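Please keep the sequence and structure open while reading.

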Number of protein chains: 2
Amino acid sequence: MKPVIAIHGGAGTLKRSRLKPELEAQFRSALAESLTAGYSVLNRGEPAQNGVVAAIQVMEESALFNAGVGSVFTHAETVEMDASIMSGADHCAGAVAGIAHIRSPIALAQVVMQESEHVFLIGSGAEEFAREQGFEVVQNSYFHTDWRRQQLLKVRDQGRVLLDHDSDKFGTVGAVARDMAGNLAAGTSTGGMTNKRYGRVGDSPLIGAGTYADNATCAVSATGHGEYFIRAVVAYDIAARMRYAGETLERAAHQVVMERLTQMGGEGGVVAVDAQGCISMPFNSEGMYRGCIDTQGDTRVRIFSAE
Amino acid sequence: MKPVIAIHGGAGTLKRSRLKPELEAQFRSALAESLTAGYSVLNRGEPAQNGVVAAIQVMEESALFNAGVGSVFTHAETVEMDASIMSGADHCAGAVAGIAHIRSPIALAQVVMQESEHVFLIGSGAEEFAREQGFEVVQNSYFHTDWRRQQLLKVRDQGRVLLDHDSDKFGTVGAVARDMAGNLAAGTSTGGMTNKRYGRVGDSPLIGAGTYADNATCAVSATGHGEYFIRAVVAYDIAARMRYAGETLERAAHQVVMERLTQMGGEGGVVAVDAQGCISMPFNSEGMYRGCIDTQGDTRVRIFSAE
């Protein structure tokens, strides 16, 4: 069976006129690199979860996206990251929140899934687990970028809390994949909201909200205004529509993102893949950094709505 | 419209022969007190969420349950608590995790829902928000009880991590209600697992997993082995079956708890109420502390399976 992968690098009010050609080219190149990394892992027969992690790690390491290096700053001028992963074959899952010193939050989420008896670990406890598992520990400054600090200073002065998506700089990253054995997986990684306080956690590390995978229905990774995605249980709702209402992936994803979320006022989108390798990437924002390699092996990389 | 309320005080391997008559009487009395507290709030016309909070606070203040006072100890001999609440009329929600110094975690979850722009706050950040909102701050020792410390020392020596439910002392508390206006709400509060490490968080604070409410379908609060409840998105799955497959509350709750969770090996149960005031309280464990006041005003308090 041919592998399939789809990724996102965040969604938001992205206008073509405001994205400089040079930066646009950088984004397209980074998305293509992420797809290639994930696909090559899948293409040598590794499980879907490994393809998801490989694709996400490219975006975590890129300063362009709000995950890993280049994550947005909290009110306290630090970076705090969340991530989750789920395997569709066995419904196993791993998630972390409030991570400040572990280089790859998505890799940590995978090891929580594989090596712990738990699903969700938070804060310093999650980092203690990471150290015991041999993870590389880095200074928080490892994740810092000047332009994200400027972004914080600007919004902190205004007393606002911003989704990365509210600016023309975008956000959360994620991937979904079907491997050569037909198994699905989904993963999501994020730095959250600029100027966030109070240990705010969005949908990204929450199984059912930001991430869900089930071989019988679909794998989903979400990006957008997390509070709405939590309240609408977005990722699982797409699977539930397929499972209980017999909807196709395309219709289920459309209904949840374009109808339900839009009615609630929740901006964002998802990438999703089903067991047949069908891909859906709906979003109700002006743009979503996204890309996929389908069952034909064809690669697409897109940013704006009209392309 | 007559108010309806249902509560749980945890589920597990509870054998009638192992529960001493005096302790059993204490549990039944505490459950009745919780029901009365929630119902009297509902009966004077207050919203469902207030009834849920009032019922849960009685169990948080009681040393009998694994929430608030009497919460289980972590590996580090401290108490860390999680809670969440959701309102079925507007799908608003609030949740907190890793709380160590706020007297009523469920009240904090409600204020996160009402007063913040966020859904989920964790750790010291959540407590900073609580202080700003005027919450009473207490020493962690406020929550400590000798018998929970003994329970920790016993299992820590054995190197085990215990759900409260694995012992004959039980756990997590929760409530669901329909108010006189016909609106639904659900809430859950817990101390988590004895000897837990690494900032482990279970399903209790996760919207969709441990708590969910939607006027069109149902309100659900779960208790049990949280990792399975997260992976199965238990609370929302019951609502999704009603919404998309047209199942009754009774059938949906039964299918999720007695079929799906049992197949996965996930022990526990739920309390749930629908818009018509129907109540369902299925569990696949030997017992579940539970009680309800139905549309007829009749009160039931139960512990074991066969009663």
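## Core and chain relation

Contact means heavy atoms within 4.5 Å. The model is predicted: local features need pLDDT of at least 70, side-chain atom pairs count only at pLDDT 80 or more, and totals for chains, interfaces and linings use all residues. Residues are numbered from 1 along each chain as its sequence is written, chains are lettered from A and ligands numbered from 1 in the order in which they are written, and side-chain values use heavy atoms, with hydrogens and water left out.

F120(A) also belongs to the largest nonpolar core, which has 100 residues. Those with the most contacts inside this core are F120(A), Y236(A), I238(A), F120(B), Y236(B) and I238(B). A nonpolar core is a set of buried Ala, Val, Leu, Ile, Met, Phe, Trp, Tyr and Cys residues joined through side-chain atoms within 4.5 Å. Buried means under 20% relative accessible area, exposed over 50%, and partly exposed in between (1.4 Å probe, protein chains only).

How are the chains related? A rotation of 180° with 0.0 Å of shift along its axis superposes chain B on chain A, at RMSD 0.0 Å. That is the relation of a two-fold axis. In chain B, the C-alpha nearest the axis belongs to Y244(B), 2.7 Å away from it. The superposition is by least squares on the C-alpha atoms of residues with pLDDT of at least 70 in both copies. Of the interface residues of chain B, 100% are also interface residues in chain A, so the copies meet through the same surface.

## Strands

Helices (H or I, at least four residues) and strands (E, at least two) are DSSP runs, numbered from the N terminus. Two strands pair if DSSP finds at least two bridges between them.

In chain A, 7 of the 7 residues of β2 (81-87) are buried, so this strand is largely enclosed by the rest of the structure. M81(A), A83(A), I85(A) and S87(A) point one way, while D82(A), S84(A) and M86(A) point the other. In a regular strand the side chains alternate between the two faces of the sheet. β2(A) and β3(A) form a hairpin with 5 residues between them, and H91(A) in the turn has a positive phi of about 55°.

Chain B holds an open sheet of 4 strands, ordered β10-β11-β12-β13, with antiparallel pairing. β10 (211-213) and β13 (279-280) stand at the edges, each with a single partner strand, so one side of each is left without a neighbour in the sheet. Helix α8 (249-264) of chain B packs on this sheet and touches β11, β12 and β13; its direction makes about 165° with that of β12(B).

| Pair | Bridges | One bridge partner pair |
|---|---|---|
| β2(A) and β3(A) | 5 bridges | M86(A) and A93(A) |
| β2(A) and β7(A) | 6 bridges | D82(A) and T190(A) |
| β11(B) and β12(B) | 7 bridges | C218(B) and D274(B) |

## Helices

Helix α4 (123-132) of chain B buries G123(B), G125(B), A126(B), E127(B), F129(B) and A130(B). These buried residues pack against β3 (93-99), α3 (105-115) and β4 (120-122) of chain B. Just after α4(B), G134(B) takes a positive phi of about 85°.

α3(B) and α4(B) pack at about 75°, with their axes 11 Å apart. They are therefore roughly perpendicular to each other, a label for angles of 65 to 115 degrees (under 35 is roughly parallel, over 145 roughly antiparallel, the rest oblique). L108(B), V111(B), V112(B) and E115(B) of α3(B) meet A126(B), F129(B) and A130(B) of α4(B). Axes are lines fitted to C-alpha atoms, for helices over the stretch in contact, and angles run from 0 to 180 degrees between N-to-C directions.

## Loop residues

L64(A) sits in the loop between α2 and β2 of chain A. At 15% relative accessibility, L64(A) is buried. Beyond its neighbours within four places in sequence, its contacts are L23(A), Q26(A), F27(A), A30(A), W147(A) and R148(A).

Most residues other than glycine have a negative phi. E77(B) has a positive phi near 65° and is partly exposed at 27%. Y198(B) also has a positive phi near 65°. Y198(B) lies in the loop between β8 (193-194) and β9 (200-201) of chain B, and is buried at 15%.
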